[in-house]
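The following paragraphs lead through a structure, beginning with a local backbone feature and then turning to chains, domains and core. Please keep the coordinates at hand while reading.

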Amino acid sequence: MLEINKMKQLEEKARQIRIDSIQMLTEAGSGHPGGSLSVADLVAALMFDVMKHDPKRPDWEDRDRFVMSKGHCIPAWYSALAQAGYIDRNLLPTLRKLGSPLQGHPDRVLLPCLEASTGSLGQGLSIAVGMALASKMKGNAFRVFCMLGDGEIQEGQVWEAAMAAAKFKLDTLVAIVDHNGLQIDGFVEQVMPLEPLADKWKAFNWHVISIDGHEFGQILPAFERASDTKGKPTVILAKTIKGKGVSFMENLCDWHGVAPNREQEAQALAELGVTKSK
Amino acid sequence: MAAKATRQTFGETLAEIGATHPNVVVMDADLSKSTMSKLFAAKYPDRFFELGIAESNMVGAAAGMALCGKIPFICSFACFLTGRYETIRISVAYSQVPVRIVGTHAGIGIGEDGNSQMGLEDLTIMRALPHMTVIQPADDIETRQAVQLLATNAVPGPAYLRLTRQKLEAVNKSDYRFQLGKGVVLRDGSDMTILATGGVVHNSLKAAELLTTQGINARVVNIHTVKPIDADLIEKCARETKAFLTVEDHNIVGGMGGAVAEVLADRGPFGIRMLRWGIQDRFGESGSPEELYQAYGLDVDGILAKAKEVYARI
């Protein structure tokens, strides 16, 4: 019963992430809705269930770390930060506007509750490796979570980081691949094939878990299994739908980097169950 | 004082300060025997991380360590490290984290290994990054003090430290105090100024001595901090002398000489004659360090000739 309540709460958090992302991106007039929608459930699970953190102590040394390596999906995390109380909700409509701490891609200097500045793809897993090494020096004081895009892992640096994480047996490190199968120029498997993807990570000595990235019944146990796995890092290959939750955006690479207009926003919000207000 | 490679001083200093600087960690990419980070590794194996021949990941992992309160020194040859520019740009410089990027084997002074192992454009690209401090010490004592400073949060952002493979004669006295961002007048003079950095400072001093026999009284300034550069001292020299020669074992495009020229352009006019001397926008090649310095005009005679050339334009 408790579990069902928890899932319902997480679903509500994820729905709010999707609503906020659509509204922020419409207001900004640019940005990346497809990926923000595909990571929403994973981000909700991390912020509101999996990660050890305290919004009252954002600089708590032993907090778990989250690195949004696919930096263009940061609107989803901004929403989660607002829902958790790290930032004021009123900041959300300033996304991508001049002078806003909510940069189009994450900037930890302007928004210190972010753990890393990213946006140039392929760098986040290395940063997460460094954080996990620091955790190891403190007796595994905290866990480190890194969200990767599937297109992103075409970058060679990701595999350099993968080698290092296995070498140092970084079992506090969890990489999540938001495997929506699309990138800007088309299907990942056509632009630059990744398959056999699970075998690649296994060959790099990672513990691999494949799940449906929109099912909390699979997401939460995956993070638990990652936590239980000792001696090697875990990667969660999360099959997702780009644009998930907004019918006309789903599975279309054209919605990778285009913001909805007001009409499309209204339709998207209606589908996300927002009744007309304000 | 015996001549010593600045990479050697670097390794020894790191090993010395390890005990008093617990936040210092060191990473290398399979060159610890050449960068001399092995000296730290031997003493503090728990704080030394071998990242293999994968420099981009080393840069990023260092950023992650720094974001968790460490002060990482990451070591490789200058060209291999600064070649991972995009990772340095976002994970380190944009993030404003105290990663110490230590590029050894700078310049044609490495000798026989040839061009692919020579850092020749690293100053240019590192100083183009906002928040990046760029330091190139000229001898043992200067290197020691620069490393001691970089081991603390006194430099809160990222820094690039450019070191030599070859041994360098001392140019500073034993009571020398390194001051970040302050050029050092090693020799006074009123006719012209030779501004040098790194391994060629000593040859520049020797050239200045020979110039006196020809009636030219040259001031010699050691620019150990290429960024932030000592604009006030450069302006002062521009007002007090009539010609500038900059000398560096590095491409003249955008290096220390370029940085000096920018100061003159922004603060002038001073009516000064200037010549940037160094690697003339070309790649290096194999040869002994001595042969190369002679062939590329970075030995005493080469610097002397260029000093006379720019002085003749007054």
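Asp30(B) sits in the loop of chain B that runs between β2 (24-28) and α2 (32-35). The model is a predicted one. Although Asp30(B) is not a glycine, its phi is positive, at about 65°. Asp30(B) counts as partly exposed because it has 16 C-beta neighbours inside 10 Å, a number that falls between the limit of 12 or fewer for exposed residues and that of 20 or more for buried ones.

Asn205(A), which is not a glycine, has a positive phi of about 70°. Its place is the loop between α8 (197-203) and β6 (207-212) of chain A. With 15 C-beta neighbours inside 10 Å, Asn205(A) is therefore classed as partly exposed.

Chain A contains 10 helices and 7 strands. Its radius of gyration is 18 Å, close to the 19 Å that the globule rule gives for 278 residues, so chain A is as compact as a globular protein of that length. Along the principal axes, the C-alpha trace of chain A spans about 50 × 45 × 45 Å. Buried residues make up 51% of the 278 residues of chain A. Of the contacts in chain A between residues at least 6 apart in sequence, 76% join residues at least 24 apart.

Where do chains A and B meet? The contact involves 22 residues of chain B and 22 residues of chain A. On the side of chain B that touches chain A, the elements giving two or more residues are α4 (55-67) and α6 (85-94) of chain B. The largest share of that side, 9 residues, is supplied by α4(B). By class, the residues on this side of chain B are 11 nonpolar, 9 polar and 2 charged.

Within chain B, the division is into domain 1 (4-168) and domain 2 (184-311). The C-alpha centres of these two domains of chain B are 25 Å apart. Their contact takes 26 residues from domain 1 and 30 residues from domain 2 of chain B. On the domain 1 side, the elements that give two or more residues are α7 (122-127) and β6 (133-135) of chain B. That side of domain 1 has 11 nonpolar, 10 polar and 5 charged residues.

The interior comes next. In soluble globular proteins, nonpolar side chains tend to be buried together. Here the largest nonpolar core has 180 residues, and those touching the most other members are Val43(A), Val129(A), Ile74(B), Ile194(B) and Ala307(B). Domain 1 and domain 2 of chain B each contribute at least three residues to this core. Apart from residues up to four places away in sequence, Ile194(B) touches Ser204(B), Ala207(B), Ala208(B), Ala218(B), Val220(B), Leu245(B), Val247(B) and Ala307(B).

At 1.5 Å a residue, the 12 residues of α11(B) should span 16 Å, and its end C-alpha atoms are 17 Å apart, which agrees. The buried residues of α11(B) are Met256(B), Gly257(B), Gly258(B), Ala259(B) and Val260(B). Among the elements of chain B that cover these buried residues are α7, β10 (192-196), β12 (225-227), α10 (231-240), β13 and β14 (273-279).

Ile252(B) lies in the loop between β13 (243-251) and α11 (256-267) of chain B. Because 21 other C-beta atoms lie within 10 Å, Ile252(B) is buried. Beyond its neighbours within four places in sequence, Ile252(B) is in contact with Gly257(B), Arg276(B), Gly278(B), Ile279(B), Gln280(B) and Asp281(B). Its C-alpha atom is separated by 22 Å from that of Thr241(B), 11 residues apart along the chain.

In the loop between α11 and β14 of chain B is Pro269(B). The peptide bond from Gly268(B) to Pro269(B) is cis, with omega near 15°. Another cis peptide bond joins Lys227(B) and Pro228(B), where omega is about -5°. Pro228(B) lies in the loop between β12 and α10 of chain B.

Glu290(B) counts as exposed because it has 12 C-beta neighbours inside 10 Å. Glu290(B) and Gly268(B) are 22 residues apart in sequence, and their C-alpha atoms are 37 Å apart in space.

Methods: Residues are numbered from 1 along each chain as its sequence is written. Chains are lettered from A and ligands numbered from 1 in the order in which they are written. This is a predicted model: local features need pLDDT of at least 70, side-chain atom pairs count only at pLDDT 80 or more; totals for chains, interfaces and linings use all residues. Two residues are in contact if their C-beta atoms, placed from the backbone, lie within 7 Å. Helices (H or I, at least four residues) and strands (E, at least two) are DSSP runs, numbered from the N terminus. Ala, Val, Leu, Ile, Met, Phe, Trp, Tyr, Cys and Pro count as nonpolar, Asp, Glu, Lys and Arg as charged, and the others, Gly among them, as polar. A nonpolar core is a set of buried Ala, Val, Leu, Ile, Met, Phe, Trp, Tyr and Cys residues joined through C-beta atoms within 7 Å. Domain bounds come from an automatic or database domain assignment. The radius of gyration is taken over C-alpha atoms; the globule rule is 2.2 Å times the number of residues to the power 0.38. The expected span of a helix is 1.5 Å times one less than its number of residues.
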